[in-house]
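This report looks at charged side chains that pair with each other in a protein chain. Please keep the sequence and the 3D view open while reading.

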Amino acid sequence: MSIRLMIAPNNFPYTHGWGVYPQLATELGKRRRSAKTMLGFIDGTPGVKPSDWRYSALILEGAFKSVAGESSRDWFTLCNHLGQPSRALAHEIFEHLQTLKELDPRSSDAGRIFRMLEDLALPDMLQYFRETTSAEDPRPVDIREGWCHVLWSHETPDRLLVGAVHGTPTEVVSVLDHRSPGARHGVLAAWHVEDPDWAASQIARTFEKSLDQLGLMQLPAADGIAAIKLLTENAIWKTMVKSPWHVEAVELVCGEAADAESYEGSGLSL
């Protein structure tokens with residue numbers, strides 16, 4: 001299992017919680033243009049300059065790195081606009097884009113990576129991203145239901161909220177913010193699960209604590225954010241499901257298949 005190091009997000013203005021900030025207009029513009037350029041290059045659209053697609057690869061590399069590492073204040077927002085690729089899948093795409101930007105686009109190596117990116121459904125993700133972020137007629141973002149998550153608020157930096165829900169993390173965050181006006185709860189980690197009730201029972205068993213009415217328990221951040229994420233991940237791995245972009249989407253991640261899921265053997269789903 002991967003161990004994700006996470007520094008408590010304490011250096012941003014708190015208009016939203018970690019992970020659920022809207023994309024900055026400047027970042028969104030760069031991502032949209034880069035997605036269009038990359039789609040054009042993959043499709044063979046005439047007139048796409050090597051300098052353009054290298055820049056686009058750099059911008060998209062950063063976007064997928066953010067999702068893979070849950071490492072930016074808009075990571076969950078961005079993940080949803082990409083159609084919720086799993087963390088493992090996002091990391092694999094990030095690595096290919098990192099290599100791609102250093103290659104001659106006409107080389108056989110670049111062609112091989114483009115084919116792999118197509119197999120990983122990158123064109124579908126980029127098209128979905130452009131559709132859901134369109135200023136004129138945006139496609140609704142479809143956040144699947146059934147999640148386990150680790151939540152955090154700047155008001156209680158020494159406390160983490162771990163649990164499972166039949167709905168979505170953003171719904172839970174909204175309820176928590178409503179209960180505590182001025183507070184801004186965010187998402188440090190999230191896994192899509194097939195059976196939230198089973199996941200909740202395993203979390204309670206792992207940490208030997210009961211969950212509240214929102215399906216959450218409090219844990220001290222002093223125990224280590226990375227350790228808590230790892231324990232949570234281990235507790236629920238049997239019910240985690242893969243992202244919609246996997247060929248075998250919605251199948252359970254289990255047994256040796258989970259260990260072989262790439263990105264440090266994690267098999268995560270978002």
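The sections below go through the salt bridges of this predicted model.

## Overview

Side chains of opposite charge can pair when their charged atoms come close. In this structure there are six salt bridges.

R31 and D74 form a salt bridge, with 3.0 Å between the closest N and O atoms. This pair joins distant parts of the chain, 43 residues apart. R31 lies in helix 1 (residues 25-43), while D74 sits in the loop between helix 2 (50-69) and helix 3 (75-81). R31 and D74 are both buried.

## The loop and helix 9

E70 pairs with K229 in a salt bridge, and their closest N and O atoms are 3.7 Å apart. This pair also links distant parts of the chain: E70 belongs to the loop between helix 2 and helix 3, and K229 to helix 9 (residues 225-236), 159 residues away. Are E70 and K229 buried or exposed? Both residues are buried.

## A partly exposed pair

R139 and E131 meet through their side chains in a salt bridge, at 2.7 Å from N to O. R139 has a relative accessibility of 42%, so R139 counts as partly exposed. E131 also counts as partly exposed, because its relative accessibility is 28%.

## A network

Which residues are linked in a network of salt bridges? The network consists of E61, K101 and E102.

How values were computed: Residues numbered from 1 in each chain as written. Predicted model: local features only at pLDDT ≥ 70, side-chain atom pairs only at ≥ 80, totals over all residues. Heavy atoms only, no water. Salt bridge = Lys/Arg side-chain N within 4 Å of Asp/Glu carboxyl O. Helix = DSSP H or I, 4+ residues; strand = E, 2+ residues; numbered from the N terminus. Buried < 20%, exposed > 50% of the residue type's maximum accessible area, 1.4 Å probe, protein only.
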